[in-house]
Amino acid sequence: MVRLSLSHRLILVRHGETDWNREGRLQGGQDIPLNALGRRQAAEAAGRLKELEPAYAGLDYIASPMQRARETMDILRGELALPAGAYQTEDRLRELTFGEWEGFTWRDIRKAEREQAHLRERDKWGFVPPGGESYRMLAERVRPVLEGLARETVIVSHGGVARAVLALVGAVSPREAAMVEIWQGKLLVVAGNRADWV
């Protein structure tokens, strides 16, 4: 994979928690709303952004169009007293789709689809779930979005998208990216080929 060089700092926010996150269910393309903790995490992310970048009002803001990401962005901007809805949505920032596996837990899948689950464990980056997409496919979907960023940008999206970004900029290898924990309520600040949690 050709490494992507970002000319501007990128601030990534994973959407806040949903009930499916709490239950360990694969959400993927399912439009699940935030729960109470998720709404608090969105507000926490706003506080962290305010500390990180006092000139936050001058940044660009882009969100995945999925409900949990837009709700996180709306709360974050509300906490920062920024105009409601004055941000872009980008369809290519949707979460990785798990196809037929969505709604199930990994425990369910390991039990019902043992061979497929084993194949995924061997190659999390390249494995394509039935009817879904791989992290490799997701990275190619996200790459043009990153290449088109004109200046420092806050992106509210998903765990899979953050993993793809980490691999694209070379912060970690694709193999490692597929296993990185992506936190809710924190900021992942990407500059050059470095990525740090704030």
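## Asp 91 and Arg 94

At 48% relative accessibility, Asp 91 counts as partly exposed. That class lies between buried (under 20% relative accessible area) and exposed (over 50%), with a 1.4 Å probe and protein chains only. Arg 94, at 31%, is also partly exposed. The two form a salt bridge, their closest N and O atoms 2.5 Å apart. A salt bridge here is a side-chain nitrogen of Lys or Arg within 4 Å of a carboxyl oxygen of Asp or Glu.

## About the model

This is a predicted model: local features need pLDDT of at least 70, side-chain atom pairs count only at pLDDT 80 or more, and totals for chains, interfaces and linings use all residues. Residues are numbered from 1 along each chain as its sequence is written, and side-chain values use heavy atoms, leaving out hydrogens and water.

Arg 9 precedes strand 1 and Glu 152 sits in the loop between helix 6 and strand 4, so the pair ties together parts 143 residues apart in sequence. Glu 152 is buried, at 17% relative accessibility. Arg 9 is partly exposed, at 25%.

## Helix 6

Helices (H or I, at least four residues) and strands (E, at least two) are DSSP runs, numbered from the N terminus. Helix 6 bends by about 25° at Arg 141, and Pro 144 follows within four residues. The bend is the angle between axes fitted to the seven residues ending there and the seven starting there.

Its buried residues include Tyr 135, Leu 138 and Arg 141. The buried residues of helix 6 pack against strand 1, helix 5, strand 4 and helix 7; contact means heavy atoms within 4.5 Å.
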